[in-house]
Amino acid sequence: MRVHRALGHRTLLITGALDFVIEPIRPLFDDIVCAEMEARDGLLTGHLSTLPPIGEARALLLAEYADDHALSLDESVAYADSASDLAMLEAVGFPVAVNPEARLSAIARRRGWHVEHWSKAKGGSARPLPLGPFDVKTPKAVMGR
């Protein structure tokens, strides 16, 4: 993203990650669309106030953003790792599959899209975090405690 910014490109992150998780990388982007956690009296409630953009919603958000900022999608680049982002990748002139899962890798290969393999940053966990149910008020009850 730093290279894109240095070249004067406008950068937008569309992610399903929560707002406070992506806060450290916010300076890399002009704009971010993400899920937001509700807060009351300065404390997170555990409820989402803004749902994460998924599937075709990402392509629609991208098209709306391009219209709002007089950008051409034909001249735009999109990066994704999952076939669930296929609509967004198809919407731009320069789709890039980054560390793609198997289905996206096959689609990218057939369509002649650029594929990147990026190494993971050092110091992070090798295991993904477990996903829990959305919008749970009593997590202990869900976890069987």
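Hi everyone. A word on the ground rules: this is a predicted model, where local features need pLDDT of at least 70 and side-chain atom pairs count only at pLDDT 80 or more, while totals for chains, interfaces and linings use all residues. Residues are numbered from 1 along each chain as its sequence is written, and side-chain values use heavy atoms, with hydrogens and water left out.

Let's start with the rings. How many aromatic pairs does a search of the whole structure find? The search finds one. For Phe, Tyr and Trp (its six-membered ring), rings pair if their centres lie within 6.5 Å, and planes under 30 degrees apart are stacked, over 60 edge-to-face, and the rest tilted. Here the partners are Tyr79 and Trp118, with 5.9 Å from centre to centre and 45° between the planes, a tilted pair. Tyr79 sits in strand 4 (residues 77–80), and Trp118 lies in the loop between strand 6 (114–116) and helix 6 (139–142), so the pair links distant parts of the chain, 39 residues apart. Those elements are DSSP runs numbered from the N terminus: helices are H or I with at least four residues, strands are E with at least two.

For the cut-offs, buried is under 20% relative accessible area, exposed is over 50%, and partly exposed is in between, with a 1.4 Å probe and protein chains only.

Now to the charges. The whole-structure search gives six salt bridges, each a side-chain nitrogen of Lys or Arg within 4 Å of a carboxyl oxygen of Asp or Glu. I'll walk you through some of them.

Take Arg10 and Asp31, whose closest N and O atoms are 2.9 Å apart. Arg10 is in the loop between helix 1 (2–6) and strand 1 (12–18), while Asp31 belongs to strand 2 (residues 31–40), 21 residues apart. Arg10 has a relative accessible area of 40% and is partly exposed; Asp31, at 27%, is partly exposed as well.

Next, Glu23 and Arg26 meet at 3.0 Å, N to O. Glu23 is partly exposed at 42%, and Arg26 at 31%.

Finally, which residue does Glu90 meet in a salt bridge? Its partner is Arg111, at 2.6 Å, N to O. Glu90 is partly exposed at 44%, and Arg111 at 42%.
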